[in-house]
Amino acid sequence: MNLTAFSKNELTAFYEDCKKTYADYQAQNLKLDMSRGKPSPKQLDLSSGLLTCLSNEDLLGEAGDYRNYGLLDGIPEAKRLFAPMLGVQPEELFIFGNASLQAMYMAVSYAYTHGLLGNTPWHQLETVRFLCPVPGYDRHFRITEHFGIEMINIPMNEDGPDMDMIEKLVTEDASIKGIWCVPQYSNPSGIVYSDEVVKRLAALEPAAPDFRIFWDNAYCIHHLCDNPKTVLPILEEAKKQHHENNVYIFASTAKVTHAGAGVSMLAASQENLKDLTKALSTFTISFDKINQMRHVKYFDGKFENVLAHMEKHRALLAPKFRVVLDTLNAEIRPLGIGEWSEPKGGYFVSFNAPTNCAKRIVELCKNAGVVLTGAGAAFPYGKDPEDRNIRIAPSYPEVDELQKAMDLFVLCVKMAAAEKLLNT
Ligand code: PLP
């Protein structure tokens with residue numbers, strides 16, 4: 001029965017019952033962390049072979065001696081390996097360092113200090129704005145906040161961000177310089193952008209000449225289902241509209257091999273690559289080509305081997321997502337006190353509690369030993385206007401621990417919802 005249909009007496013009894021169970025949890029001194037989407041140790045073990053697969057001879061590669069300086073934009077073998085992942089040509093790829101967030105930060109930083117393709121540096125402008133589909137990735141929002149860029153929330157639909165709103169804003173307001181997008185298995189909602197959304201983004205006619213779509217395809221091969229949806233390659237679509245300079249694509253092997261020690265990449269038009277390369281040549285002499293070659297060697301230079309490797313991740317991750325979804329379905333659905341995503345890939349389940357309950361749920365979980373991502377984290381400035389959204393990250397804990405954490409989570413949802421009803 002829906003919790004809102006409970007009588008006052010029933011609700012009080014329900015709440016008292018929850019409180020007793022909660023006290024039992026507190027007595028267990030749990031210490032579980034579901035705050036970030038980190039791969040589990042077993043997932044990291046899948047790539048242990050990376051640490052032994054490389055010999056000295058392998059580093060005498062197609063374009064020279066990879067132990068030495070040079071090849072700022074990456075080794076050709078790595079470009080060929082990863083180009084199909086992003087739906088681009090090898091020559092459209094720049095292979096970066098250990099993490100894609102660096103590449104995103106660098107692109108914003110370059111726009112801010114020097115300007116993109118000869119345009120006015122953003123620091124000289126009175127106002128710079130970015131569009132932020134919400135809920136979204138907190139670290140994206142941290143980058144733009146760090147540079148004092150004003151962020152505008154864009155609601156998400158089932159097939160991607162609200163394109164009517166984006167088209168209107170971008171064409172009317174030249175201070176809007178970019179948009180954050182996670183097109184496949186968005187963080188945290190798991191939404192996959194439809195063909196129509198990709199085409200409309202690629203066709204945008206921004207008022208700002210230096211507007212960029214920050215296309216962070218971090219989870220493009222992180223499927224949890226058979227026959228996954230494919231997202232249209234945005235650079236190809238943008239080229240058809242002669243808007244290829246509007247797009248920066250990012251990705252990494254953070255959750256393919258080793259998080260924080262992978263290979264990251266940026267794909268863009270030739271003009272953009274030339275522009276960014278100029279900035280990067282001041283930043284460093286070259287990135288870690290040994291790590292690039294290690295990845296090439298480990299996957300034998302074949303993208304299909306990367307995909308086969310992702311199936312092993314899926315085998316470890318899918319049962320954890322099942323625990324989350326089964327627990328929510330069993331405990332929350334009948335009471336009607338929450339909605340959640342059922343992602344077909346990626347790293348998160350996005351949970352929407354009744355209005356003004358998310359902070360309380362996170363607090364209750366914390367006081368019983370389960371740390372969740374802070375409520376509001378998935379919104380610019382950490383402000384969820386409705387205090388509803390909580391990002392559930394099931395990847396790190398083992399299944400039995402996760403079950404315990406989810407049992408506590410649903411209990412806290414019930415308590416917060418009951419408290420709210422009792423107080424109104
Ligand atoms: N992009 C998204 C959407 C993410 O969710 C994450 C990690 O959670 C990253 C980027 C981080 O990637 P990297 O480690 O390559 O910086």
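**Close-up views of the ligand site, aromatic rings and backbone**

View 1. A polar side-chain atom of Ser 252 is placed 2.6 Å from an oxygen atom of the ligand. The backbone also takes part: a polar backbone atom of Ser 100 is 2.7 Å from an oxygen atom of the ligand, and a polar backbone atom of Leu 101 is 2.9 Å from an oxygen atom of the ligand. Of the 400 Å² of accessible area that the ligand has on its own, the protein covers 89%. This view, like those that follow, shows a predicted model.

**View 2. The shell of residues around the ligand.** The residues surrounding the ligand are Ala 99, Ser 100, Leu 101, Tyr 137, Val 182, Asn 187, Asp 216, Ala 218, Tyr 219, Ser 252, Ala 254 and Lys 255. By residue class, the shell consists of 7 nonpolar, 3 polar and 2 charged residues. Among the shell residues, Lys 255 has a charged end that sits over the ring of Tyr 347, at 4.6 Å from the ring centre.

View 3. A pair of aromatic rings is described by the distance of the centres and the angle of the planes. With ring centres required to lie within 6.5 Å, the model has 21 aromatic pairs. One of these is formed by Tyr 193 and Trp 215, with 5.5 Å from centre to centre and 85 degrees between the planes. The pair counts as edge-to-face because the angle between its planes, 85 degrees, is over 60. It links distant parts of the chain, since Tyr 193 belongs to the loop between β8 (176-181) and α7 (195-202), while Trp 215 belongs to strand β9 (residues 212-216), 22 residues apart. Both Tyr 193 and Trp 215 are buried.

**View 4. An aromatic cluster, and a lysine over a ring.** Six residues are shown together here, for Trp 122, Phe 130, Trp 180, Phe 214, Tyr 248 and Phe 250 form one aromatic cluster. Elsewhere in the model, a lysine meets an aromatic ring: the charged end of Lys 38 sits over the ring of Tyr 396, 5.0 Å from the centre of that ring.

View 5. The peptide bond joining Val 134 and Pro 135 is cis, with omega of about -5 degrees. Pro 135 is found in the loop between β5 (129-134) and α5 (138-146). A cis peptide bond also runs from Asn 187 to Pro 188, where omega is near 10 degrees. Pro 188 is located in the loop between β8 and α7. Its partner in this bond, Asn 187, is one of the residues that surround the ligand.

View 6. Asn 227 is a residue other than glycine, yet its phi is positive, near 45 degrees. This residue lies in the loop between β9 and α8 (234-240). Asp 387, which is not a glycine either, has a positive phi of about 45 degrees. Its place is in the loop between β14 (370-372) and β15 (389-392). Asp 387 has a relative accessible area of 12%, so it falls under the 20% limit and is buried.

View 7. Lys 404 lies in helix α13 (residues 399-422) and is partly exposed, with a relative accessible area of 40%. Between the C-alpha atoms of Gly 61 and Ile 75, which are 14 residues apart along the chain, the separation is 8.2 Å. Glu 244 is placed in the loop between α8 and β10 (247-252) and is partly exposed, its relative accessible area being 28%. From C-alpha to C-alpha, Glu 244 and Pro 121 are 20 Å apart in space, and 123 residues apart in sequence.

Methods: Residues are numbered from 1 along each chain as its sequence is written. This is a predicted model: local features need pLDDT of at least 70, side-chain atom pairs count only at pLDDT 80 or more; totals for chains, interfaces and linings use all residues. Side-chain values use heavy atoms; hydrogens and water are left out. A residue is near a molecule or strand if one of its heavy atoms lies within 4 Å of it. A polar contact is a pair of N or O atoms within 3.5 Å; within protein, one must be able to donate a hydrogen and the other to accept it, and residues adjacent in sequence count only if both atoms are side-chain atoms. Accessible areas come from the Shrake-Rupley method with a 1.4 Å probe; for residues, only the protein chains shown count as cover. Ala, Val, Leu, Ile, Met, Phe, Trp, Tyr, Cys and Pro count as nonpolar, Asp, Glu, Lys and Arg as charged, and the others, Gly among them, as polar. Rings of Phe, Tyr and Trp (its six-membered ring) pair if their centres lie within 6.5 Å; planes under 30 degrees apart count as stacked, over 60 as edge-to-face and the rest as tilted. Helices (H or I, at least four residues) and strands (E, at least two) are DSSP runs, numbered from the N terminus. Buried means under 20% relative accessible area, exposed over 50%, partly exposed in between (1.4 Å probe, protein chains only). A charge sits over a ring if NZ of Lys or CZ of Arg is within 6 Å of the ring centre and within 35 degrees of the ring normal.
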